[in-house]
Amino acid sequence: MTSVHAYAVLDRVERFHGPIFSVVTDRVSMPGGGQADRDYVRHVGAVGVVPLDDDGNVLLVRQYRHPIAKVLWELPAGLVDVAGEPPPDTARRELAEEADLRCERLDLLIDLHTSPGFSDELIRLFLARGLSPVADADRFERSDEEAELIVQWVPLDDAVAMIFRGEITNAAAVAGLLAAARARDEQWRPLRDAHTPLVR
């Protein structure tokens with residue numbers, strides 16, 4: 001069996017630091033004894049939720065994304081930005097904040113590196129079932145881009161068709177919807193416990 005090079009980080013320079021991500025340059029040891037600089041984004045991480053009702057409909061959110069200056073169909077999702085909060089709790093919080101929903105059951109669908117060519121961002125995607133509305137008095141007050149967030153229920157198979165028509169291009173939404181459809185077709189056997197540790 002061929003041994004794998006260790007790719008040790010020999011030095012790191014932080015170019016930018018913000019609350020959601022930082023930009024760094026790592027000097028990395030390369031096979032054959034060389035070194036190379038690699039620029040990338042270090043991200044706090046995120047979770048996303050596929051809310052599926054008893055009739056097989058999924059809730060999509062439509063939100064403005066400034067880097068591409070477009071409004072996209074997405075899943076309820078958010079940053080892992082509360083210290084010590086387990087990802088399933090973050091998922092439940094985002095479901096309540098963006099979709100005004102609670103869930104009785106939360107299962108792990110997939111883990112997704114959204115763009116490993118330039119970022120270490122990992123989003124953990126969950127399937128939420130047993131849905132019920134958040135009471136009006138307890139609803140989260142949305143601001144900024146989220147103030148204009150639109151929610152829409154769509155049959156899961158129609159949402160999958162939207163992917164293939166190019167109407168859903170958000171990476172987490174594409175992956176989460178396809179994973180949910182596949183898990184449904186396999187009678188939910190691929191689902192994992194919401195607290196399953198990350199594969200390292």
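## Ground rules and strand 1

A polar contact here is a pair of N or O atoms within 3.5 Å; within protein, one must be able to donate a hydrogen and the other to accept it, and residues adjacent in sequence count only if both atoms are side-chain atoms. By that rule, the side chains of histidine 17 and glutamate 14 are joined by a polar contact of 3.3 Å. Keep in mind that this is a predicted model: local features need pLDDT of at least 70, side-chain atom pairs count only at pLDDT 80 or more, and totals for chains, interfaces and linings use all residues. Side-chain values use heavy atoms, with hydrogens and water left out, and residues are numbered from 1 along each chain as its sequence is written.

Histidine 17 sits in strand 1 (residues 9-17); helices (H or I, at least four residues) and strands (E, at least two) are DSSP runs, numbered from the N terminus. With a relative accessible area of 58%, histidine 17 is exposed (over 50%; buried means under 20%, partly exposed in between, using a 1.4 Å probe and protein chains only). Its C-alpha atom is 9.3 Å from that of arginine 42, 25 residues apart along the chain.

Aspartate 11 is in strand 1 too, and at 44% relative accessibility it counts as partly exposed. Setting aside neighbours within four places in sequence, aspartate 11 is in contact (heavy atoms within 4.5 Å) with Thr25, Asp26 and Arg27.

## A buried glutamate

Glutamate 85 lies in the loop between strand 7 (77-79) and helix 1 (87-99). This glutamate counts as buried because its relative accessibility is 18%. Beyond neighbours within four places in sequence, glutamate 85 is in contact with Thr90 and Arg93.

## The nonpolar cores

A nonpolar core is a set of buried Ala, Val, Leu, Ile, Met, Phe, Trp, Tyr and Cys residues joined through side-chain atoms within 4.5 Å. The largest one has 28 residues, and Val50, Val58, Leu60, Leu109, Ile168 and Leu177 touch the most other members. Several elements each supply at least two residues of this core, among them strand 5 (57-65), strand 8 (101-113) and helix 3 (171-185). Helix 3 gives the largest share, eight residues.

Take leucine 109: leaving out neighbours within four places in sequence, its contacts include Val50, Leu125, Ala179 and Leu191. A second, separate core has 15 residues, including Val49, Leu59, Ala99 and Phe126.
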